[in-house]
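Subject: Structure handover

Hello,

My notes on what turned up follow below it.

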Amino acid sequence: MLDPEKPVVVVTGASRGIGHSIVKHFYDQGWEVITMARTSFSTQCPWAEGIIKHVRVDLSDKQSIREACEDLREKLNGRGLNALVNNAGISPKDEDGNRLDATKTPIDTFLAVQHVNLIAPLMLAQELLEPLKIGKGSIVNVSSIAAHHVHQFAGAAYAVSKAGLSTLTRELAHELGETGIRVNAVAPGEIATSILSPGTDELVQTDVPMKRLGRPMEVAEVVYFLSSEHASYVTGSEIHINGGQHI
Ligand SMILES: NC(=O)c1ccc[n+]([C@@H]2O[C@H](COP(=O)([O-])OP(=O)(O)OC[C@H]3O[C@@H](n4cnc5c(N)ncnc54)[C@H](OP(=O)(O)O)[C@@H]3O)[C@@H](O)[C@H]2O)c1
């Protein structure tokens, strides 16, 4: 089913936004792409075989992750995995659409955010370790500028989860260096997707030196670079993709 001549990437949160661009970019570069999301494979996607290379998963649920990984290992059928992109993420707001501060976040919401944004990437790394070893694969975690600064719109639970993901990137890079598995992160700023809050356009004018939103494909290209041979000596790094917002 998978072309043995092509490298294989698994992408979470592939159904829209940045994940969708990541999928398109790897596919255009000639990779076999296995997509993961809660929703079924979109019929609007440009390739017919995508539907059989899609794995449904709810990353907020441990059992669903385990079952999805079993399905994935079956699809791989003993061959290596060359890249895992932990892109899926959630950023809940309060009922009026405002930022959820730490003291106002219901604990169940806080835990759910940690599960999708942080625990799921760790579980995927654990569950897919053998295929990643065989493929001398690369893991790219999609963190956020909110991991590093208090953000006007991203809530506290989200920021904590992304800071955890950045730290997990460092830990895994250290632990897996000898195996040939490289682990890196990207930290997008304001990228034009549905996750953005109203008011982002004003924030871009005040906080982003390049004075514009990023495009999902501008994240996908860096994720691809980190997964490719061009980054063969890069591990434990995090690349800001934010038009200079972090400076
Ligand atoms: N856009 C930005 O400006 C920005 C900035 C910094 C960081 N990021 C990060 O970049 C990543 C992608 O963001 P985006 O803007 O593209 O987000 P998005 O448009 O909201 O897409 C989020 C993706 O995550 C998936 N997802 C959410 N909950 C899930 C669950 N429980 N199980 C499985 N999949 C789930 C969604 O798929 P389904 O709904 O189909 O399940 C969707 O494909 C996230 O990690 C986000 O934190 C984005």
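Start with the core. The largest nonpolar core has 63 residues, and Val9, Val11, Leu84 and Val223 touch the most other members. Nonpolar side chains tend to be buried together in soluble globular proteins. Bear in mind that this is a predicted model.

Leu84 is worth a look. Setting aside neighbours within four places in sequence, Leu84 is in contact with Val10, Leu124, Leu128, Leu132, Gly137 and Ile139.

Next, the ligand. There are 29 residues around it, and Gly13, Gly17, Arg38, Gly89 and Thr193 come nearest. Helix α1, residues 17–28, gives the most to this shell, with three residues. By class, the shell has 13 nonpolar, twelve polar and four charged residues.

Now a helix pair. The axes of α2 (residues 62–76) and α3 (residues 107–127) come within 10 Å and cross at roughly 35°. The crossing is right-handed. On the α2 side, the contact is made by Lys62, Ile65, Arg66 and Cys69; on the α3 side, by Ala120, Met123, Leu124 and Glu127. That contact has five nonpolar residues, three charged and no polar. Leu124 of α3 is also one of the contacts of Leu84.

Helix α3 also holds Phe110. Phe110 and Pro209 are 99 residues apart along the chain, and their C-alpha atoms are separated by 32 Å.

Two backbone angles to check:

- Lys136 has a positive phi of about 40° although it is not a glycine. Lys136 sits in the loop between α4 (129–134) and β5 (138–142). Lys136 is partly exposed, with 14 other C-beta atoms within 10 Å.
- Lys211, also a residue other than glycine, has a positive phi near 55°. Its place is in the loop between α6 (200–207) and α7 (216–227). Lys211 is exposed, because 11 other C-beta atoms lie within 10 Å and the exposed class runs to 12 or fewer.

Ile241 lies in strand β7, residues 238–241. Ile241 is buried, since 21 other C-beta atoms lie within 10 Å and the cut-off is 20 or more. Which residues does Ile241 touch, not counting those up to four places away in sequence? They are Val186, Ala187, Pro188, Gly189, Gly214, Glu218, Val219 and Val222. Take Glu218 from that list. Ile241 and Glu218 are 23 residues apart in sequence and 7.8 Å apart in space, C-alpha to C-alpha.

Thr235 is in the loop between α7 and β7. Thr235 is buried, with 21 other C-beta atoms within 10 Å. Leaving aside neighbours within four places in sequence, Thr235 is in contact with Ala173, Gly177, Arg182, Val183 and Asn184. Thr235 and Lys93 are 142 residues apart along the chain, with 33 Å between their C-alpha atoms.

Best wishes

Conventions
Residues numbered from 1 in each chain as written. Predicted model: local features only at pLDDT ≥ 70, side-chain atom pairs only at ≥ 80, totals over all residues. Near = placed C-beta within 6 Å. Helix = DSSP H or I, 4+ residues; strand = E, 2+ residues; numbered from the N terminus. Nonpolar A, V, L, I, M, F, W, Y, C, P; charged D, E, K, R; others polar. Axes fitted to C-alpha atoms, helices over the stretch in contact; angles between N-to-C directions. Left-handed = near helix turned anticlockwise from the far one by under 90°. Contact = placed C-beta atoms within 7 Å. Core = buried A, V, L, I, M, F, W, Y, C linked by C-beta atoms within 7 Å.
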